[in-house]
Amino acid sequence: MDTKLTKGDVVNCLKEGGSFIGALALEIYGNSFNKIGEQAFSEAIEIGIKNTIASLYDAKVSDKEIIRVVGEHWGINIQEAEKRLVWEKHQATIRSLRQYLKLQGYSNIEIDSFMRENLVSSKLWHKNELWKLKDNPEKLFKEIIKINSEE
């Protein structure tokens, strides 16, 4: 008694095997997939908060309003919103100076060297009045050099 294997038999076998393999993979790797998904979701939230603060700060919205909006729409407390806004002010000033130097013809290596040798990040943390020069990076550049010559 010869039985022939048909195309339908093969398709059904693959379907059954495929669903079995899929269920097995989900059982074995399910927790990993969930962790990866949770991590991706958390990272997306962080990026959203960061971009919201950066956008509002760049649009010259008042600090008080930025803190209120971020707290209200992202569900973070006032202290956390303040901390993140301070960080953004620091980073925005650095980005502004780096862009200025780039447009003056400095290479990335020269920019990194200037930032490191002049302790720009540290100066911005200790002299936060320099943040006000974010929109005038040429003046910020000259001020950083002046501070270094005085030290």
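A crossing of two helices is right-handed if the near helix is turned clockwise from the far one by less than a right angle, and left-handed if anticlockwise. By that rule, H2 and H3 cross in the right-handed sense. The model described here is predicted.

**Overall make-up**

The protein chain holds 6 helices and 0 strands. Read from the N terminus, the order of elements is α-α-α-α-α-α. The chain has 151 residues, and 27% of them count as buried. Among contacts with a separation of 6 or more, 55% join residues 24 or more positions apart.

**H2 against H3**

Two packed helices are described by the angle between their axes and the distance between the axes. Helix H2 covers residues 63-74 and helix H3 covers residues 78-103. Their axes come within 9 Å and cross at roughly 125°.

Which residues of H2 meet H3? They are Asp63, Ile66, Ile67 and Val70. On the H3 side, the partners are Ile78, Ala81, Glu82, Leu85 and Lys89. The residues of this contact divide into 6 nonpolar, no polar and 3 charged.

**H3 against H4**

H3 also packs on helix H4, residues 108-117. Here the angle is about 135° and the axes are 10 Å apart. That makes H3 oblique to H4. This crossing is right-handed too.

H3 contributes Ile94, Leu97, Arg98, Leu101 and Lys102 to the contact. H4 contributes Asn108, Ile111, Asp112, Phe114 and Met115. By type, the residues of the contact of H3 with H4 split into 6 nonpolar, 1 polar and 3 charged.

**Aromatic pairs**

A pair of aromatic rings is described by the distance of the centres and the angle of the planes. Rings pair if their centres lie within 6.5 Å. By this rule the count comes to 5 aromatic pairs. Two of them are set out below.

| Pair | Centre to centre | Angle between planes | Class |
|---|---|---|---|
| Phe114 and Phe141 | 5.2 Å | 35° | tilted |
| Trp125 and Trp131 | 6.3 Å | 80° | edge-to-face |

Phe114 lies in helix H4, and Phe141 lies in helix H6, residues 137-150. The pair therefore ties together parts that are 27 residues apart in sequence.

Trp125 counts as partly exposed, at 36% relative accessibility. Trp131 counts as buried, at 11%.

Phe114 and Phe141 also belong to a cluster. Together with Tyr100 and Tyr106, they form one aromatic cluster.

**Two positions in H3**

Ser96 sits in helix H3. Ser96 is buried, with a relative accessible area of 13%. What does Ser96 touch, not counting residues up to four places away in sequence? The partners are Lys134 and Pro137.

Gln91 is found in helix H3. Gln91 is partly exposed, with a relative accessible area of 22%. Lys134 comes up again here. Gln91 and Lys134 are 43 residues apart in sequence, and their C-alpha atoms are 9.8 Å apart in space.

Most residues other than glycine have a negative phi.

Lys60 has a phi near 65°, a positive value in a residue other than glycine. Lys60 lies in the loop between helix H1 (7-58) and H2. Lys60 counts as exposed, at 57% relative accessibility.

Leu119 is not a glycine either, yet its phi is positive at about 50°. Where is Leu119 found? Leu119 is in the loop between H4 and helix H5 (120-126).

Terms used
Residues are numbered from 1 along each chain as its sequence is written. This is a predicted model: local features need pLDDT of at least 70, side-chain atom pairs count only at pLDDT 80 or more; totals for chains, interfaces and linings use all residues. Side-chain values use heavy atoms; hydrogens and water are left out. Axes are lines fitted to C-alpha atoms, for helices over the stretch in contact, and angles run from 0 to 180 degrees between N-to-C directions. Helices (H or I, at least four residues) and strands (E, at least two) are DSSP runs, numbered from the N terminus. Contact means heavy atoms within 4.5 Å. Ala, Val, Leu, Ile, Met, Phe, Trp, Tyr, Cys and Pro count as nonpolar, Asp, Glu, Lys and Arg as charged, and the others, Gly among them, as polar. Buried means under 20% relative accessible area, exposed over 50%, partly exposed in between (1.4 Å probe, protein chains only). Angles under 35 degrees count as roughly parallel, over 145 as roughly antiparallel, 65 to 115 as roughly perpendicular and the rest as oblique. Rings of Phe, Tyr and Trp (its six-membered ring) pair if their centres lie within 6.5 Å; planes under 30 degrees apart count as stacked, over 60 as edge-to-face and the rest as tilted.
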